[in-house]
Amino acid sequence: GQLLTFGGNSSGKLGHARTEFDCGPSVSGYEAYLQPRLVTRLLHTRIVAVGCGDAHMAAVDANGCVYCWGGNVFGQCGLLHTSQQILCPSRVKGVRL
């Protein structure tokens with residue numbers, strides 16, 4: 001299915017980057033979304049599971065691929081770096097469920 005998110009966007013955890021450039025590591029990204037909004041980076045991906053943390057999110061697609069985004073100060077997005085934020089879903093390489 002498709003993924004919609006809303007609420008506070010601290011650390012970019014909702015996955016609503018405004019441009020492709022915004023998808024990389026960032027130090028900004030706080031906005032509030034009061035209405036559910038489609039996570040466009042996953043528009044053509046069938047999402048079957050979602051996990052939400054305080055500052056980051058993870059999703060699993062129908063093929064078992066894992067995507068993470070949001071706060072990443074301690075590397076919690078699994079992307080092999082510790083940039084402050086990941087503002088849109090990024091596939092975690094080497095992980096398949």
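In which loop does S11 lie? In this predicted model, S11 is found in the loop that connects β1 (4-8) with β2 (25-26). The backbone of S11 adopts a positive phi near 65°, and the residue is not a glycine. Most residues other than glycine have a negative phi. With a relative accessible area of 22%, S11 is classed as partly exposed, because this value falls between the 20% and 50% cut-offs.

A positive phi is also found at L80, where the angle is about 65° although the residue is not a glycine. L80 belongs to the loop between β6 and β7 (85-96). The relative accessible area of L80 is 87%, and the residue is therefore exposed, the criterion being a value over 50%.

Strand β4 (residues 47-52) and strand β5 (residues 56-61) run antiparallel and are joined by five bridges. Within this pairing, A49 has V60 of β5 as its bridge partner. Three residues separate β4 from β5, and the two strands form a hairpin.

Strand β5 also pairs with strand β6 (residues 65-71), again in the antiparallel sense and over five bridges.

Methods
Residues numbered from 1 in each chain as written. Predicted model: local features only at pLDDT ≥ 70, side-chain atom pairs only at ≥ 80, totals over all residues. Heavy atoms only, no water. Pairing = 2+ DSSP bridges. Helix = DSSP H or I, 4+ residues; strand = E, 2+ residues; numbered from the N terminus. Buried < 20%, exposed > 50% of the residue type's maximum accessible area, 1.4 Å probe, protein only.
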